[in-house]
Each structure stands twice: as C-alpha cells, then as structure tokens.
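Dear colleague,

I am passing on to you the structure that we spoke about, and below it you will find what came out of the analysis. Please keep the structure open beside this message while you read.

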Amino acid sequence: MAGDGPRLLVVDDEPNILDMLRMALRFHGFDVVTARSGHEATAEVTARRPDLLVLDIMLPDGDGLELCRRWREQGVEVPVVFLTARDRHADKIAGLTYGGDDYVTKPFSIDELVARIRAVLRRTRREQAADTGTAPLTFADLTLDETTHSVTRAGQHVELAPTEYRLLRYLLVNPNRVLSREQILDAVWDTDYRGGATVVDQYVSYLRRKLAPYGPPLIHTQRGFGYALRDGQPGPGPA
C-alpha cells in the first residue's frame, strides 16, 4: 500500500533497484511513483508534481545531471537527490552544480537514503515557509526576492542554481558578518550533508563569477576565517 506522506518520484532504469526502492520508501511512509527513463521522469514531474525526486545519474536516454539542469532552466524547482555509482568528489560537486540538493552513492543503506530525503524536505519546507509574504532582501545594488525566487544586481537579472540561491540568501541575511565555511555548510547544505567544507569554496566561486559582470566584488574572503558580504574594501586577506 502506498504511503500518505510526501510524494517521491524515483527514477532508475534497473528494475530490481526500482522495485526495492519503491517498497522500502513506501514502508517508511512515502507516496512513491517511479520512472525508468528521463522521458518518463519528465512526464511524471509534470503530471504528478512530486515533493522530491530520487534521480539516478545514468539513464538509458541521457544523463541525469543534464536532465536536472534542463528542469532548472525551465523553472522546475522540485528538490533532487542524485543516486549513482560515481563516488568521486568531482562528481558530487557536479551533481550539486547542476541543481541537485544531495548526492547518495551506491551501494547505500535505505536508512541513509531516507535520512537524506527527509533532510532535504525539511530544508526546502523551511525555505518555502520563509518565502511566504517576505520582503525582498537587499544589500548594496543586490536584491533577492523570496516570493519570485529572483535575483537582480544593478537592475540586471542574475540566473542562479538552487544551491547558489541558498548560499546568496544566507549571506544576505548575515551582511557584514564573517561566516566560517562550517557555518555556511550547516546552513546551506543542512547538517546531514557529509561532504567536505571545500564545496563552500566552489560555490562562493560560482556565485562571485555570476555577480561579477554587474559591479565590484561583494563577497570577500577573510583568510583563516571564512567569507563576508561587504560593500567596499575587504578585510585582511584576499578578496
């Protein structure tokens, strides 16, 4: 019997894995639907409006990373937990860069997967609750509108991936404050993320690159401590 909890769309082309995940996740109270290809997944996302996707990277009709990237470009904001046999750090960074919210490698335990799913759902629900009726966050010429999930700098639209958006939001609610990598990791990736803090450096770099065409640097490095959102000259250490 299907669970009455959050609706999950599980996408994997291996029937044994798909059947196992369907039964196990239903046992944990989730409402589970499945797809075996990128084409089927896209149709289910449109028809079922799931609360979260568990998406295998290797699909018979394409790459799950590219599929997620296209969804993000089309405005599909459903959270994605990638499921894959690739376990290199670079692959995990790629998964987050393409718009994923977490990354679980095979072989995995169901308990770990369930914990990751629930952590992502908690985080996205907090963000959705915070977005309701909230005034835009502003700093210098930078504006983040939580109602429309849009970002502008100097009046120009800045396209951000979901994790970049969360990182910028965290910086905007803590302006002129030096934030450690560990603080940023806990706030943006949630406490259940098990990757290293170097992912913070990667995303700060991505965010700087996207903001750079519209004005001087706003995200500054405080060497030995972390990062701060400042208008003007940085503190000690490289900008």
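A residue is called buried when its relative accessible area is under 20%, exposed when that area is over 50%, and partly exposed in between, with a 1.4 Å probe and protein chains only. Please bear in mind that this is a predicted model, in which local features need pLDDT of at least 70 and side-chain atom pairs count only at pLDDT 80 or more, while totals for chains, interfaces and linings use all residues. Residues are numbered from 1 along each chain as its sequence is written, and side-chain values use heavy atoms, with hydrogens and water left out.

Let me begin with the salt bridges, each of which is a side-chain nitrogen of Lys or Arg within 4 Å of a carboxyl oxygen of Asp or Glu. The search of the whole structure gives 17 of them. Helices (H or I, at least four residues) and strands (E, at least two) are DSSP runs, numbered from the N terminus.

One of these salt bridges joins the side chains of Asp102 and Arg116, with 2.8 Å from N to O. Because Asp102 belongs to strand β7 (residues 102–105) and Arg116 to helix α5 (residues 110–131), the pair ties together parts that are 14 residues apart in sequence. Asp102 is buried, at 5% relative accessible area, and Arg116 is buried as well, at 6%.

A second pair is Arg153 and Asp141, whose closest N and O atoms are 2.9 Å apart.

Asp201 is partly exposed at 27% relative accessibility, and Arg181 is partly exposed at 25%.

There is also a network of salt bridges that links Asp12, Glu14, Asp56 and Lys106.

Finally, please look at helix α7 (residues 181–189), where Ile184, Leu185, Val188 and Trp189 are buried. Viewed down the axis of α7, these buried residues fall within an arc of 100° (taken from the directions from the helix axis to the C-beta atoms), so they line one face of the helix.
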